[in-house]
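Hi everyone, thanks for coming. Please bring up the model on your screens, and I'll walk you through the two chains.

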Amino acid sequence: MNLSLVVWRQKGAQTPGRFERYEAKDVSPDLSFLELLDVVNEGLITQGIEPIAFDHDCREGICGSCAMMINGLAHGPQPAVATCQLYLRHFKDGETITIEPWRAKPFPILRDLVVDRSAFDRIIQAGGYVSVNTGEAPEANSIPVPKKDADMAMDAAACIGCGACVAACPNASAMLFVAAKVAHLGRLPQGRVEAKQRVDQMVDAMDREGFGNCTNHYECMDACPKAIHVKAIAFMNREYRFPRRKPGT
Amino acid sequence: MRLTSSLGRKYVMALSGVLLLGFVVAHLAGNLLVFAGPEALNAYAKKLRLLGPGLWAARLGLLGLAAVHVVTSIQLAIENRRARPQPYAVVRHSASTLAGRTMVLSGLLVLAYLVYHLAHFTWQTAHPAVAHLTDSSGRHDVYRMVVLSFQQPAIVLAYVLGVGLVGLHLSHGIGSSCQTLGVTNERVVEAVRRAGRLIAWALFLGYAAIPAAVLLGVVA
Ligand code: HEM
Ligand code: FES
């Protein structure tokens with residue numbers, strides 16, 4: 001198939017960027033989107049053009065690196081996949097595809113499609129961990145965890161920190177990311193101990209980074225490659241107000 | 001919980017919004033007395049005016065809520081703009097709605113309409129010709145003020161636009177406030193969104209029924 005790519009090119013954080021158009025001729029529909037960029041880059045290198053910089057690592061949807069906006073949608077048009085798991089068969093032959101970096105003030109562009117997502121790391125450092133010593137694994141039935149809690153914790157723990165929620169949010173809000181961490185840790189007994197300080201500190205850190213404020217559009221949930229549900233945001237809203245809660249509620 | 005944080009101010013938005021919604025519902029209930037005839041409406045209006053200090057307390061409360069709601073919303077909206085200084089070249093929406101994305105605009109237009117609405121019915125300066133009538137028992141004739149007003153198409157147009165904007169604002173606002181207050185979960189979040197839209201439509205149709213009835217001659 002043939003595709004036209006309109007790609008954001010930007011040399012460095014301080015240099016202005018612009019869109020460039022590249023043709024991908026006769027590519028297999030079975031290529032992944034990142035493989036398409038690899039193919040295009042090989043062509044650019046032979047022409048003496050600087051290849052398109054983009055983040056990638058695992059290429060199997062677990063590292064959260066492959067951040068890019070594809071035709072206005074974070075990680076492209078397929079639900080619940082990262083860019084690395086998106087295939088060209090989901091596009092039409094002859095289609096023009098616009099590729100942009102995540103756009104949010106707390107995610108400055110480093111080069112082309114690569115943005116600095118260390119704002120997320122600083123939010124995690126502010127409270128996205130469990131520091132209580134839990135000792136050895138206890139006897140399995142001595143600390144019962146209600147199924148509702150286990151389910152939400154596991155669903156939220158699927159977050160790979162890719163930043164698609166921020167990229168897709170009309171307000172560039174990081175609510176779904178922070179809520180996923182708060183729900184993942186706060187709904188399990190080990191994480192419960194620090195629940196109150198965790199949500200306070202993580203929300204403060206999120207605000208310090210300059211993310212926008214959630215207005216409940218739910219674009220984040222549609223964009224999330226792990227389909228993390230906005231119920232996590234409702235949970236964080238509860239947790240912020242009433243940090244005491246009984247398991248299973 | 002800090003009320004000045006992003007989440008804290010969202011709470012302020014949701015709580016003030018829900019309380020204002022309470023007024024919108026109560027106000028509609030009062031207005032629908034127009035269908036019960038001049039006696040019922042004028043007596044109700046008189047009772048409200050006789051509340052005296054109670055009426056002023058309610059007015060100041062509403063003014064305070066509106067001020068908090070508007071100031072907070074503008075602050076949040078400015079921060080949201082700043083969080084994305086460079087817009088995308090291609091913008092696609094999948095989950096959000098037009099109503100949700102235009103909350104500041106619909107809110108500010110509601111505010112503008114509200115000033116006109118108060119000038120019309122409360123301060124009675126916008127359309128004085130229909131405003132200063134008395135009924136046979138010497139009460140302010142609110143009923144005739146409403147009927148004579150809504151016999152004028154321009155007034156009806158402004159009114160329907162105004163309540164339409166309130167409906168648009170609430171079609172996102174009701175569901176959104178439930179999520180902000182944390183009362184939703186996976187099972188109900190979509191239903192809450194739909195219920196919010198339904199309630200907003202019901203409120204719009206309820207308010208719009210009054211000029212419609214006047215134009216159709218059902219209320220005369
Ligand atoms: C009849 C009067 C009004 C009512 C009943 C009302 C109701 C509401 C409700 C229930 C919400 C949802 C809160 C949430 O998302 O948690 C809301 C949000 C909002 N309101 Fe109003 N509102 C009114 C007037 C206004 C006015 C005059 C403005 C002027 C700017 C305004 C601006 C906003 C904005 C920007 C939001 C979205 C805030 C956010 O989601 O963060 N509203 N409103
Ligand atoms: S490259 Fe790791 S998630 Fe896509």
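Let's begin with chain B, which has nine helices and zero strands. Both kinds of element are DSSP runs numbered from the N terminus, where helices are H or I with at least four residues and strands are E with at least two. Before we go on, a word on the model: it is predicted, so local features need pLDDT of at least 70 and side-chain atom pairs count only at pLDDT 80 or more, while totals for chains, interfaces and linings use all residues. Residues are numbered from 1 along each chain as its sequence is written, chains are lettered from A and ligands numbered from 1 in the order in which they are written, and side-chain values use heavy atoms, leaving out hydrogens and water.

Back to chain B. Its C-alpha atoms fill a box of roughly 60 × 40 × 35 Å along the principal axes. How many of its 220 residues count as buried? The share is 43%, with buried meaning under 20% relative accessible area, using a 1.4 Å probe and protein chains only. The accessible surface of chain B is about 11,600 Å², and carbon and sulfur atoms hold 72% of that; such areas come from the Shrake-Rupley method with a 1.4 Å probe.

Now for chain A. Here we find nine helices and seven strands, and the C-alpha atoms of chain A fill a box of roughly 65 × 35 × 35 Å along the principal axes. Of the 249 residues in chain A, 55% are buried. Chain A exposes about 10,900 Å², with 52% supplied by carbon and sulfur atoms.

Let's look inside. The largest nonpolar core has 83 residues, and Leu3(A) and Phe33(A) have the most contacts inside it. A nonpolar core here is a set of buried Ala, Val, Leu, Ile, Met, Phe, Trp, Tyr and Cys residues joined through side-chain atoms within 4.5 Å. Helix 5 of chain A, residues 175-186, gives the most to this core, namely eight residues. Why does the core lie between domain 1 (3-111) and domain 2 (118-241) of chain A? Because both domains give residues to it; the domain bounds come from an automatic or database domain assignment.

Leaving aside neighbours within four places in sequence, its contacts include Met68(A), Ile70(A), Phe91(A) and Ile99(A), where contact means heavy atoms within 4.5 Å. Finally, a second, separate core of 31 residues includes Ala45(B), Val142(B), Tyr143(B) and Val147(B).

Technical notes. Buried means under 20% relative accessible area, exposed over 50%, partly exposed in between (1.4 Å probe, protein chains only).
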